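The following exercises concern one protein structure. Please study the sequence and the model before working through the solutions.

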Amino acid sequence: MRLRHTLKAARSLVCIMAAAGCLPTTESNADERHNFKKPAADSMRGKVPGEMRDDNGVKMKVVWCPPGDFKMGSPESDKGPFNRQDQVDVALTEGFWLGKYEVTQSEWKQVMPTEPWKGQRFTKEGADYPATFVSWDDSMQFCRKLTERERQGGRLSDDWEFTLPTEARWERACRAGTETKFSFGYDDAKLGDYAWYVDNAQKAGESYAHPVGQKKANPWGLCDMHGNVNEWCREVYTEALPSGRDPDVQPDEKTGG
(Lines give C-alpha, C1' and ligand atoms only; values in the text may rest on other atoms or scores of the structure.)
Protein backbone atom coordinates (compact mmCIF):
# COMPACT_ATOMS: atom_id res chain seq x y z
CA MET A 1 0.00 0.00 0.00
CA ARG A 2 3.02 2.36 0.10
CA LEU A 3 4.25 4.30 -2.93
CA ARG A 4 5.68 7.60 -1.79
CA HIS A 5 8.50 10.11 -2.18
CA THR A 6 11.09 10.53 0.58
CA LEU A 7 9.86 13.93 1.77
CA LYS A 8 8.12 13.86 5.14
CA ALA A 9 4.76 15.52 5.64
CA ALA A 10 1.94 15.51 8.16
CA ARG A 11 -1.68 14.47 7.75
CA SER A 12 -3.83 15.40 10.72
CA LEU A 13 -6.34 13.11 12.34
CA VAL A 14 -9.29 13.82 14.59
CA CYS A 15 -10.49 10.90 16.68
CA ILE A 16 -11.92 10.20 20.11
CA MET A 17 -9.23 10.67 22.76
CA ALA A 18 -6.69 11.20 20.03
CA ALA A 19 -6.56 14.19 17.66
CA ALA A 20 -6.21 18.04 17.04
CA GLY A 21 -7.56 21.46 16.09
CA CYS A 22 -6.87 24.75 14.29
CA LEU A 23 -6.56 28.52 14.64
CA PRO A 24 -9.65 30.38 15.77
CA THR A 25 -10.93 32.81 13.17
CA THR A 26 -11.32 35.61 15.74
CA GLU A 27 -9.87 36.40 19.11
CA SER A 28 -12.10 36.18 22.18
CA ASN A 29 -11.62 37.32 25.75
CA ALA A 30 -11.53 35.04 28.79
CA ASP A 31 -15.18 35.67 29.74
CA GLU A 32 -16.41 34.83 26.22
CA ARG A 33 -14.42 31.61 26.18
CA HIS A 34 -15.77 30.66 29.61
CA ASN A 35 -19.39 31.16 28.51
CA PHE A 36 -19.01 29.48 25.13
CA LYS A 37 -20.78 26.14 25.05
CA LYS A 38 -18.40 23.54 23.60
CA PRO A 39 -19.78 20.93 21.21
CA ALA A 40 -20.75 17.60 22.73
CA ALA A 41 -18.45 14.69 21.89
CA ASP A 42 -21.26 12.76 20.20
CA SER A 43 -22.00 15.68 17.87
CA MET A 44 -18.57 15.20 16.34
CA ARG A 45 -19.09 11.60 15.31
CA GLY A 46 -19.55 11.08 11.61
CA LYS A 47 -22.58 9.31 10.23
CA VAL A 48 -21.40 7.83 6.92
CA PRO A 49 -17.99 6.91 5.43
CA GLY A 50 -16.54 9.83 3.51
CA GLU A 51 -18.60 12.49 5.29
CA MET A 52 -16.60 15.73 5.25
CA ARG A 53 -16.45 18.75 7.53
CA ASP A 54 -14.28 21.86 7.70
CA ASP A 55 -15.78 23.68 10.69
CA ASN A 56 -12.42 24.47 12.25
CA GLY A 57 -10.37 27.65 12.49
CA VAL A 58 -8.20 27.02 9.44
CA LYS A 59 -10.94 25.37 7.37
CA MET A 60 -8.96 22.13 7.16
CA LYS A 61 -11.12 19.51 5.44
CA VAL A 62 -11.41 16.23 7.38
CA VAL A 63 -13.14 13.01 6.32
CA TRP A 64 -15.00 10.48 8.48
CA CYS A 65 -13.48 6.99 8.58
CA PRO A 66 -15.79 4.50 10.34
CA PRO A 67 -14.72 1.72 12.72
CA GLY A 68 -14.36 -1.81 11.38
CA ASP A 69 -12.24 -4.92 10.88
CA PHE A 70 -9.67 -5.30 8.10
CA LYS A 71 -6.41 -6.99 7.13
CA MET A 72 -3.46 -4.65 7.46
CA GLY A 73 -0.40 -5.05 5.26
CA SER A 74 0.19 -6.60 1.86
CA PRO A 75 -0.38 -10.25 0.89
CA GLU A 76 2.60 -12.37 -0.12
CA SER A 77 1.90 -11.74 -3.81
CA ASP A 78 2.31 -7.96 -3.41
CA LYS A 79 5.42 -7.86 -1.24
CA GLY A 80 8.46 -5.98 -2.45
CA PRO A 81 11.98 -5.13 -1.19
CA PHE A 82 10.63 -2.37 1.10
CA ASN A 83 7.44 -4.10 2.16
CA ARG A 84 8.00 -7.49 3.79
CA GLN A 85 5.69 -7.36 6.79
CA ASP A 86 3.07 -10.12 7.03
CA GLN A 87 -0.63 -9.29 6.97
CA VAL A 88 -2.41 -9.08 10.32
CA ASP A 89 -6.03 -8.79 11.46
CA VAL A 90 -7.00 -5.44 13.00
CA ALA A 91 -10.20 -4.24 14.65
CA LEU A 92 -10.75 -0.50 15.06
CA THR A 93 -13.54 0.11 17.55
CA GLU A 94 -13.83 3.89 17.10
CA GLY A 95 -14.28 5.96 13.98
CA PHE A 96 -12.07 8.98 13.34
CA TRP A 97 -11.65 12.01 11.11
CA LEU A 98 -8.60 12.18 8.84
CA GLY A 99 -7.36 15.13 6.80
CA LYS A 100 -8.72 14.95 3.24
CA TYR A 101 -5.33 16.20 2.08
CA GLU A 102 -1.81 16.31 3.46
CA VAL A 103 -1.34 19.36 5.70
CA THR A 104 -0.65 22.27 3.38
CA GLN A 105 1.94 24.99 3.78
CA SER A 106 -0.88 27.49 4.34
CA GLU A 107 -2.38 25.43 7.16
CA TRP A 108 1.01 24.84 8.71
CA LYS A 109 1.94 28.55 8.75
CA GLN A 110 -1.34 29.48 10.42
CA VAL A 111 -0.35 27.34 13.39
CA MET A 112 3.44 27.06 13.45
CA PRO A 113 6.07 29.85 13.25
CA THR A 114 8.28 27.78 10.93
CA GLU A 115 8.72 27.00 7.22
CA PRO A 116 10.87 23.84 7.28
CA TRP A 117 10.53 23.30 3.51
CA LYS A 118 12.07 26.68 2.67
CA GLY A 119 15.31 26.38 0.69
CA GLN A 120 15.13 22.58 0.54
CA ARG A 121 15.57 20.51 -2.60
CA PHE A 122 12.56 18.82 -4.21
CA THR A 123 10.11 21.44 -2.95
CA LYS A 124 8.05 24.32 -4.26
CA GLU A 125 6.32 26.97 -2.21
CA GLY A 126 2.64 27.82 -2.30
CA ALA A 127 -0.52 27.68 -0.20
CA ASP A 128 -1.68 24.30 -1.59
CA TYR A 129 1.70 22.55 -1.57
CA PRO A 130 2.15 20.05 1.30
CA ALA A 131 4.17 21.08 4.33
CA THR A 132 7.32 18.97 3.96
CA PHE A 133 10.64 18.39 5.75
CA VAL A 134 8.74 18.41 9.05
CA SER A 135 9.96 16.23 11.90
CA TRP A 136 7.75 13.88 13.91
CA ASP A 137 8.15 16.15 16.94
CA ASP A 138 7.13 19.22 14.92
CA SER A 139 4.13 17.36 13.51
CA MET A 140 2.94 16.45 16.99
CA GLN A 141 3.51 20.02 18.18
CA PHE A 142 1.38 21.24 15.25
CA CYS A 143 -1.40 18.91 16.43
CA ARG A 144 -1.12 19.99 20.05
CA LYS A 145 -1.33 23.66 19.12
CA LEU A 146 -4.33 23.02 16.89
CA THR A 147 -6.06 21.16 19.68
CA GLU A 148 -5.49 23.96 22.17
CA ARG A 149 -6.70 26.68 19.81
CA GLU A 150 -9.80 24.77 18.73
CA ARG A 151 -10.76 24.14 22.34
CA GLN A 152 -10.22 27.78 23.23
CA GLY A 153 -12.38 28.71 20.26
CA GLY A 154 -15.16 26.43 21.49
CA ARG A 155 -15.11 24.22 18.41
CA LEU A 156 -13.61 21.10 19.96
CA SER A 157 -14.73 19.23 23.09
CA ASP A 158 -12.26 17.87 25.63
CA ASP A 159 -13.05 14.33 24.43
CA TRP A 160 -11.46 14.99 21.03
CA GLU A 161 -8.03 16.14 19.88
CA PHE A 162 -5.89 16.35 16.78
CA THR A 163 -2.94 13.97 16.49
CA LEU A 164 -1.13 11.84 13.93
CA PRO A 165 -2.90 8.62 12.90
CA THR A 166 -1.72 5.27 14.13
CA GLU A 167 -0.43 2.87 11.47
CA ALA A 168 -3.72 0.97 11.62
CA ARG A 169 -5.87 4.08 11.26
CA TRP A 170 -3.76 5.33 8.35
CA GLU A 171 -4.09 2.07 6.47
CA ARG A 172 -7.79 1.77 7.27
CA ALA A 173 -8.27 5.20 5.68
CA CYS A 174 -6.00 4.39 2.73
CA ARG A 175 -7.90 1.18 1.93
CA ALA A 176 -11.26 2.90 2.46
CA GLY A 177 -13.06 -0.38 2.98
CA THR A 178 -11.47 -2.14 0.00
CA GLU A 179 -9.43 -5.37 0.04
CA THR A 180 -7.56 -4.91 -3.25
CA LYS A 181 -3.91 -4.01 -3.89
CA PHE A 182 -4.86 -0.35 -4.25
CA SER A 183 -8.05 1.35 -3.15
CA PHE A 184 -8.98 1.53 -6.84
CA GLY A 185 -8.24 -2.14 -7.61
CA TYR A 186 -5.29 -4.12 -8.96
CA ASP A 187 -4.41 -2.30 -12.19
CA ASP A 188 -0.97 -0.65 -11.82
CA ALA A 189 -1.63 1.28 -15.03
CA LYS A 190 -4.23 3.37 -13.20
CA LEU A 191 -1.85 4.47 -10.44
CA GLY A 192 -1.02 7.73 -12.20
CA ASP A 193 -4.67 8.75 -11.97
CA TYR A 194 -4.51 8.57 -8.17
CA ALA A 195 -0.92 9.34 -7.20
CA TRP A 196 2.23 11.30 -7.92
CA TYR A 197 5.06 8.78 -7.94
CA VAL A 198 8.32 7.97 -9.74
CA ASP A 199 6.91 7.51 -13.25
CA ASN A 200 4.78 10.66 -13.47
CA ALA A 201 6.84 12.91 -11.22
CA GLN A 202 10.55 12.07 -10.96
CA LYS A 203 10.92 10.62 -14.47
CA ALA A 204 8.94 13.55 -15.85
CA GLY A 205 11.43 16.01 -14.37
CA GLU A 206 9.05 17.04 -11.58
CA SER A 207 10.94 15.72 -8.56
CA TYR A 208 9.04 17.73 -5.99
CA ALA A 209 5.91 17.43 -3.88
CA HIS A 210 2.91 18.55 -5.92
CA PRO A 211 -0.09 20.61 -4.76
CA VAL A 212 -2.54 18.48 -2.80
CA GLY A 213 -5.74 17.13 -4.31
CA GLN A 214 -4.72 17.08 -7.99
CA LYS A 215 -5.29 13.34 -8.32
CA LYS A 216 -8.45 11.25 -7.90
CA ALA A 217 -9.65 10.52 -4.37
CA ASN A 218 -10.14 7.06 -2.88
CA PRO A 219 -13.68 5.73 -2.18
CA TRP A 220 -13.92 7.75 1.05
CA GLY A 221 -12.79 10.99 -0.60
CA LEU A 222 -9.21 11.03 0.72
CA CYS A 223 -6.55 12.30 -1.68
CA ASP A 224 -2.84 11.54 -2.14
CA MET A 225 -2.94 8.39 -0.02
CA HIS A 226 -0.86 6.38 -2.53
CA GLY A 227 1.75 9.01 -3.37
CA ASN A 228 3.15 12.57 -3.35
CA VAL A 229 5.00 12.52 0.00
CA ASN A 230 5.70 10.27 2.97
CA GLU A 231 3.41 10.83 5.93
CA TRP A 232 4.12 10.46 9.62
CA CYS A 233 2.25 8.00 11.82
CA ARG A 234 2.08 8.31 15.60
CA GLU A 235 3.81 5.06 16.54
CA VAL A 236 7.35 3.75 16.52
CA TYR A 237 8.37 1.33 13.75
CA THR A 238 8.16 -2.39 14.48
CA GLU A 239 9.40 -5.36 12.46
CA ALA A 240 5.94 -6.94 12.68
CA LEU A 241 2.77 -4.97 12.03
CA PRO A 242 0.73 -4.44 15.21
CA SER A 243 -2.49 -6.45 15.24
CA GLY A 244 -5.62 -6.93 17.29
CA ARG A 245 -7.97 -4.37 18.81
CA ASP A 246 -7.01 -0.71 18.28
CA PRO A 247 -3.23 -1.34 18.00
CA ASP A 248 -1.05 1.59 19.05
CA VAL A 249 2.63 0.74 19.50
CA GLN A 250 4.26 2.88 22.17
CA PRO A 251 8.08 3.33 22.50
CA ASP A 252 8.41 0.76 25.31
CA GLU A 253 6.71 -1.81 23.06
CA LYS A 254 9.21 -1.38 20.25
CA THR A 255 10.47 -4.67 18.82
CA GLY A 256 12.72 -3.54 16.00
CA GLY A 257 13.71 -0.94 13.43
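Two strands pair if DSSP finds at least two bridges between them; helices (H or I, at least four residues) and strands (E, at least two) are DSSP runs, numbered from the N terminus. The model is predicted, so local features need pLDDT of at least 70 and side-chain atom pairs pLDDT 80 or more, while totals for chains, interfaces and linings use all residues. Residues are numbered from 1 along each chain as its sequence is written, and side-chain values use heavy atoms, with hydrogens and water left out.

**Exercise 1.** Determine the strand order of the open sheet of 3 strands and what stands at its edges.

Step 1. The order is S5-S6-S10, and the pairing is mixed.
Step 2. Strands S5 (68-72) and S10 (244-245) each have a single partner strand, so one side of each is without a neighbour in the sheet.
Step 3. S6 (residues 88-92) pairs with S10 in the parallel sense over 2 bridges. Ala 91 is found opposite Arg 245 of S10.
Step 4. Helix H4 (residues 167-175) packs on this sheet and touches S5 and S6 (contact means heavy atoms within 4.5 Å). The direction of H4 makes about 95° with that of S5.

**Exercise 2.** Classify the pair formed by Trp 108 and Phe 142.

Step 1. Rings of Phe, Tyr and Trp (its six-membered ring) pair if their centres lie within 6.5 Å; planes under 30 degrees apart count as stacked, over 60 as edge-to-face and the rest as tilted.
Step 2. The whole structure holds 4 aromatic pairs.
Step 3. The ring centres of Trp 108 and Phe 142 are 5.0 Å apart and the planes are at 5°, so this pair is stacked.
Step 4. Trp 108 belongs to helix H2 (residues 105-111) and Phe 142 to helix H3 (residues 136-152), so the pair ties together parts 34 residues apart in sequence.

Definitions and conventions
Axes fitted to C-alpha atoms, helices over the stretch in contact; angles between N-to-C directions.
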